[in-house]
Every structure is written in C-alpha cells, then in structure tokens.
Amino acid sequence: MSKRKEVIETGWNLDNSYTRLPNSFFAQINPTPVRSPKLIVFNNRLARSLGLNDMAMQSEDGVAVFAGNQIPEEALPLAQAYAGHQFGHFTMLGDGRAILLGEQIDPQGVRVDIQLKGSGRTPYSRGGDGRAALGPMLREYIISEAMHALGIPTTRSLAVVTTGETVIRETNLPGAILTRVSASHLRVGTFQYAAKWGTVEDIRALADYALQRHFPNVDDSANRYLSLLNEVIKRQAALIAKWQLVGFIHGVMNTDNMTVSGETIDYGPCAFMDAYDPATVFSSIDAQGRYAYSNQPYIGGWNLARFAETLLPLLHEDQEEAVNLAQNAISGYTELFHSNWLTGMRAKLGLYNEEEQDESLIEGLLSMMQKSDMDYTNTFIALTFDRHEDTALFGTPEFTQWYELWQMRLGRQPESKSDSSQLMRNSNPAVIPRNHRVEEALEAAVNQGDYNVMHKLLDVLSSPYSHSSEQTEYAQLPVSSTKPYRTFCGT
Ligand code: AMP
Ligand code: MG
C-alpha cells in the first residue's frame, strides 16, 4: 500500500497585479518575522468567503503567514508608496508598517488585497518601528467588522496575531499584527503621490489600474478619467452619508485615509457618537475639530478636490478645460451627498416616498435631539418601536407636536404602518460599537488575556438589525462620566 502524504490545501490564490504598476509605486519587501506568533482572533466566515481553508489558516503554518513568518507561495510582498494631506498639510507617507502580501482571488473571481498591518519596517517607515500594539489592532477588528455588519463599505479584518514581542509607545505594550482585507488600498494619497513625483504616464497607469479594478463597467466612451472622478465622487458621497446616518466619526479623514474604492479605511481614532451633537470630536489630536461629525461631508468634498487635481493632466489637454471639467464634477458632490443622506434619513423615519417638507421634519427631530442631549442611536430605536417614553423629550409640547407631524406624514404615504415599521427596523441599528463596550472588551483582552468579552461583543455587533433581546444590554449608555471620551491614532 502506498503512503500518501496528506496535504491540506490552504486556499491561497494570490495574484500580484500591483507589482505590474511602474516600480515607483511600491517597494518589494518581506515582513519582518516575529518571535512567537499566536492567533488570537480569526474571522472564519470571511476566510471561507475568500476561499481560504479555515482549518489550514489556524494551523501553525497558517498562523505563520498572518505573522509574516512565512510567505504564501505566490505572494510578492510589497509596501505601497503614497502621499497625503494630514490635517491639511501635504506629506510623503507610504506603508510604514503594512505589507501587501498580494491579491486573493476568491471563488467568485473577486480580487481583494491581503495586507499585514504591523509587520515590520519598510522604506516608508520614517522614524517608526513598523509595528502595532494589540489594543489598536483589536479595536480595528471590532469596529471594521461592526461597520460591515451595519452595511457600510469597509476594509475587513481576517485575523489578529500577537507577536510575542513588545512595542514601545508611552508604555510597553504587547505587539500584534492585523490581517486586513480590502477591495484595494488605492487611496486619494496614492494619486497625490503620482501627481507630485511621477510622470503623466504614471498617473495614467494608476488611473487605468483603478478603473480596471473598481469600475470595469463604467461608461468610458467619452472621457474615461472624468468617469473615474465621477465614480469616486459617487462612492464617497454614498459612504460618508452612511457614516452620518449611523453617527460614525472617522476621526482622521486625511487624504491618505480615503480610498478610491469607497471603502472606509483606517480605524485609528474613530468612534460612534452617543448623544447627538454635530460638533462631536473624539480624536485627541484633532484640537481644531477639523474632522468633527458635522464636518465630515465637507472634508469629503475637500479630499475629492485634491483627487480631482491629480487627474487634471488626464482630463483634458487644455489645462483650463481640464479645470472646468474637474470643478463641474466636484460641484456635484454636495448635492449627491445630500440626496444620499436624505434618502437614508427618510428610511430611518419609515418614509418611502418624498415630500418637500421632509427635510424640515428631519431637522426638527435632530435639533430636539441636540438640545436635549438625546442619544442618537437610541432615539431612532425608540421611534422604531413606539417607545417614545424612552426619549428624554417624551411628554414635552415640542416633541408631541413633532410626533403628530411625523404621524401625519406617515399617513400620507400609501405604505402601511407595518411597512414603515419594517423599513425603520432595517434602517436603524439596535447596536453600535459603544465606546464603553469597546473599551471594556479591549481591557479584558489586552490586560487580562480574556477574549470572551470581545467575542460576545463581536457576536452582538454582527447583526445590528436583528433587534434581538440579547442586544438590549449593549444598547445601554455608559454610566455618565465627567471626562469626554478620547481616542488615539494607535500608532
Ligand atoms: P496612519 O495614522 O495609520 O494612517 O499612519 C500614517 C502614516 O504613518 C502611514 O504612512 C503609516 O504607515 C505610518 N505609520 C504609522 N505608524 C507607524 C509605525 N509604527 N511605524 C512606521 N510607520 C508608521
Ligand atoms: Mg492611514
């Protein structure tokens, strides 16, 4: 009887299209191996959807890949070059602590980037150590997966490994590596890099790559680069509207943290708003409130204008005409954002059709919420489930009057009360990653090595529109604290 060695297929099916861009766009470099990798969170469901063998991934060899200690056969690891406006100031950046292993082609033929974050120094590290601390990597895992479950385009998290090494920040912290999955890591900053230091042919190569990868079906009969600009504007308008609708504050909307694909990226200082206040800022370094909740739509437009500038040489050979085309496209963004937002807000209030006064109805609610420090998420839940006594304003003349207007408005649409209630359930999440819950999960994981709290949280956050009874305790507000919640960039 012949012996057959059993080989577990890993499922890695990598291509490296990024390496076919001009050389200036990346630096080929392997991850730096770590001392003793240990897999601590693994996204089974995501792995399977990518065609990866979840058993093989969790084996010693599988984990070695997530740690950067082994490279899958077809991988050509690289760090991407990019620039970016950080808080308005232009700088050269690049993957200083991230390495792209390659692009996984999933069983449906969809191509996604597989990137290790915290995998060692690269030519773009500047003064940094190329490493990441466990807390921020777990935070990215929790919030990115919650965003996905909320139906918001986002990079995903496949795995977190601890490295067995210490990273030095203000204190010594356990090191970790996150495996990030994304439609691509093309950023507005990637185009800024090409426009600043590359040739027109470099910009064209990048634009063609972006078109092929993200907008293969776009109508490019007239001006393909204008189509690219318009498509990116459309995706960002839709994305930022979705953020606003759930009270998500990104916190660091630098142009290097804005993707061309329209996915949310970079979960450093982000957080969800509790009490509705348009001026909310969580990031410890955003002293001016540049990236405050109410400023996000405007910053989106500002970043898109920087994107448009990089495409000018491709838009038209006549510079003035190119500027006109770009300006026209950009001027459509505000309206596009607004109509996405309005559609989403109507759904949150159970409205299927459109009336001119809808916006004032919505503003009326938001202004009450702001004046009375009402919780953003829970107010919409109270309206969804007719639990108005849960709202701080219950019984006040202002609320009663608003409520009557809303009920009359609902009565003017053909859909039944139960139809609008269904729409509201699908549009208003029962749970968001509340800051105190995220902190509690991170505390248990990082300081006590107890991952149960985090797994329970991940479970609850994975179906925000199911409105199950086990979600109730996760919908509760923190015991009030005098200190405002602060987030950090997590470098
Ligand atoms: P971020 O704030 O994560 O968007 O990072 C901004 C820039 O700093 C990017 O170019 C990162 O790759 C780089 N960076 C952040 N942390 C580190 C680190 N520990 N070592 C090297 N580069 C880093
Ligand atoms: Mg970033």
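Author: In this predicted model, helix H10, which spans residues 358–371, packs with helix H11, residues 376–384, at an angle of about 125°, and the axes of the two helices lie 11 Å apart. From H10 the contact is made by Leu-365, Leu-366 and Met-369, while H11 contributes Tyr-376, Thr-379, Phe-380 and Leu-383. An angle of 65 to 115 degrees would count as roughly perpendicular and one over 145 as roughly antiparallel, and H10 and H11 are therefore oblique to each other. The crossing in which H10 passes H11 is right-handed. An α-helix has 3.6 residues a turn, so residues three or four places apart point the same way.

Another helix to examine is H5, residues 188–197, of which 7 of the 10 residues are buried, so that H5 is largely enclosed by the rest of the structure. Those buried residues are Val-188, Gly-189, Thr-190, Phe-191, Gln-192, Tyr-193 and Ala-194.

Among the strands, E8 covers residues 111–117 and holds Gln-115, a residue that is buried, with a relative accessible area of 0%. The side chain of Gln-115 is joined to that of His-185 by a polar contact of 3.4 Å. When neighbours within four places in sequence are left aside, Gln-115 is in contact with Asp-95, Ala-98, Ile-99 and Leu-100, and also with Leu-178, Thr-179, Arg-180 and His-185.

In the loop between E8 and strand E9 (132–133) one finds Arg-126, which is exposed, with a relative accessible area of 53%. Although Arg-126 is not a glycine, its phi is positive, at about 50°.

A positive phi is also found at Asp-266, where the value is about 75° although this residue, too, is not a glycine. Asp-266 has its place in the loop between strand E12 (248–249) and strand E13 (271–272). Together with Asn-257, which contributes its OD1 atom, Asp-266 coordinates the magnesium ion, ligand 2, through an OD atom, at 2.2 Å. Both Asn-257 and Asp-266 are buried, whereas Arg-126 is exposed.

Terms used:
Residues numbered from 1 in each chain as written. Chains lettered and ligands numbered in written order. Predicted model: local features only at pLDDT ≥ 70, side-chain atom pairs only at ≥ 80, totals over all residues. Heavy atoms only, no water. Helix = DSSP H or I, 4+ residues; strand = E, 2+ residues; numbered from the N terminus. Buried < 20%, exposed > 50% of the residue type's maximum accessible area, 1.4 Å probe, protein only. Polar contact = N/O pair within 3.5 Å; in protein donor to acceptor, adjacent residues only side chain to side chain. Contact = heavy atoms within 4.5 Å. Donors = N, O, S within 2.8 Å, 3.2 Å for Na, K, Ca; no water. Axes fitted to C-alpha atoms, helices over the stretch in contact; angles between N-to-C directions. Parallel < 35°, antiparallel > 145°, perpendicular 65-115°, else oblique. Left-handed = near helix turned anticlockwise from the far one by under 90°.
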